[in-house]
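Please read the following briefing alongside the sequence and the 3D structure, which are shown just below. It is arranged by topic for a reader who is new to them.

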Amino acid sequence: MNAFLSVDNIQMIYQTPTEETEAVKDVSFSVRKGEFISIVGPSGCGKSTLLSAIAGLTPQNRGTITMNGRDISLCRESIGYMFQTDNLLPWRSIYRNVLLGLEIQKKLTEENINYADELLKKYDLWQFRDSYPNRLSGGMRQRVALIRTLALKPELLLLDEAFSALDYQTRVKVSGDVYDILKKENKTLVMVTHDIPEAVTMSDRVIVLSKRPAVVQKTVVTDFGSGVRSPVSVRTDPRFQTYFNIIWKELT
Ligand code: ADP
Ligand code: MG
């Protein structure tokens with residue numbers, strides 16, 4: 001297997017003046033280019049900690065993380081990171097929010113602006129470009145946040161509970177939209193979620209972590225056959241329940 005992202009024997013420890021917390025004990029996995037991976041596990045088991053190491057933001061205590069064979073700390077420009085909150089600036093229009101990342105990184109070139117415009121048009125947000133975030137629904141704001149991230153042309157997307165602030169129906173809809181957008185734009189995805197249906201429907205493989213300190217407890221390949229998957233419609237596929245049950249059993 002040709003690994004695009006390789007996570008090898010990661011250990012992560014938090015040090016405070018009075019104690020040491022081992023958040024991640026020993027985690028290894030690899031991801032192929034274009035693959036979508038979900039990480040699930042009990043609350044507090046170390047999922048966000050692990051993801052921040054994969055983002056190159058928090059150094060691990062042991063182990064290595066590489067992307068295209070290079071240490072992850074050198075690849076930060078190729079990684080997009082999205083959280084639960086959309087972090088849109090309320091005083092900036094949608095358009096100026098989308099261009100914010102490019103502005104900060106001093107990459108407001110004509111080519112990059114054209115690409116941002118193209119994304120806004122392709123994903124039905126162009127007509128809202130002069131609106132302010134408070135005029136948009138939570139689902140739309142999360143799509144704007146995604147486009148702002150994609151405007152920087154990351155190869156790898158990291159999502160940490162990115163849909164958990166949304167109500168159920170919106171969550172199902174937006175996770176389907178995000179899946180479609182990331183597939184169309186040929187991205188690779190590693191996402192953390194506590195929502196088993198979200199993990200099963202959105203990813204090719206689900207990595208189940210143990211309780212803290214995290215180790216990989218099980219890996220479940222979620223195969224719904226060939227062809228383009230729709231995360232909304234696979235919820236009625238009989239295999240969905242099978243995968244759900246396998247993961248549920250691991251977590252209880
Ligand atoms: P998860 O995302 O799986 O819910 P986290 O990775 O956020 O879990 O946290 C894993 C463990 O590390 C938890 O016990 C948490 O309390 C602890 N932890 C997280 N961040 C810090 C920090 N900055 N300092 C000390 N301990 C932390
Ligand atoms: Mg977390």
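Helices (H or I, at least four residues) and strands (E, at least two) are DSSP runs, numbered from the N terminus. This is a predicted model, in which local features need pLDDT of at least 70 and side-chain atom pairs count only at pLDDT 80 or more, whereas totals for chains, interfaces and linings use all residues. Residues are numbered from 1 along each chain as its sequence is written, chains are lettered from A and ligands numbered from 1 in the order in which they are written, and side-chain values use heavy atoms, with hydrogens and water left out.

- The protein is divided into domain 1 (5-75 + 155-251) and domain 2 (86-153), with bounds that come from an automatic or database domain assignment.
- The C-alpha centres of domain 1 and domain 2 lie 25 Å apart, and the contact (heavy atoms within 4.5 Å) takes 13 residues from domain 1 and twelve residues from domain 2.
- Domain 1 and domain 2 bury about 1100 Å² between them, 69% of it on carbon and sulfur atoms, where buried area is the accessible area (1.4 Å probe) that two parts lose on being put together, summed over both.
- In domain 1, the residues that lose the most area to domain 2 are Ile181, Glu185 and Lys187, which together account for 43% of what that side buries.
- One salt bridge is counted between domain 1 and domain 2, a salt bridge being a side-chain nitrogen of Lys or Arg within 4 Å of a carboxyl oxygen of Asp or Glu.
- Glu185 forms a salt bridge with Lys122, and their closest N and O atoms are 2.7 Å apart.
- On the side of domain 1 that touches domain 2, helix α6 (residues 168-184) supplies the largest share, seven residues.

**Two buried residues**

- Phe36 is found in strand β3 (residues 36-40) and is buried, with a relative accessible area of 1%; buried means under 20% relative accessible area, exposed over 50%, and partly exposed in between (1.4 Å probe, protein chains only).
- The C-alpha atoms of Phe36 and Thr188 are separated by 5.9 Å, although these residues are 152 residues apart along the chain.
- Not counting residues up to four places away in sequence, Phe36 touches several residues, including Tyr179, Leu182, Leu189 and Met202.
- Thr222 lies in the loop between β10 (214-221) and α8 (238-251), and counts as buried at 3% relative accessibility.
- A polar atom of the side chain of Thr222 lies 2.4 Å from the backbone oxygen of Ser203.
- Leaving aside neighbours within four places in sequence, the residues in contact with Thr222 include Val200, Asp204, Arg229 and Tyr243.

**Salt bridges**

- The structure holds eleven salt bridges, and Arg32, Glu35 and Arg205 are linked in a network of them.
- The side chains of Arg32 and Glu35 meet at 3.3 Å, N to O; Arg32 is partly exposed, with a relative accessible area of 39%, whereas Glu35 is buried, with a value of 5%.
- Arg92 forms a salt bridge with Glu103, the closest N and O atoms being 2.8 Å apart, and the pair joins the loop between β6 (79-82) and α2 (94-98), where Arg92 lies, to helix α3 (residues 100-104), where Glu103 lies.
- Arg92 counts as buried at 7% relative accessibility, while Glu103 is partly exposed, with a relative accessible area of 34%.
- Glu111 forms a salt bridge with Lys153, the closest N and O atoms being 3.3 Å apart, and Glu111 counts as exposed at 57% relative accessibility.

Key:
A polar contact is a pair of N or O atoms within 3.5 Å; within protein, one must be able to donate a hydrogen and the other to accept it, and residues adjacent in sequence count only if both atoms are side-chain atoms.
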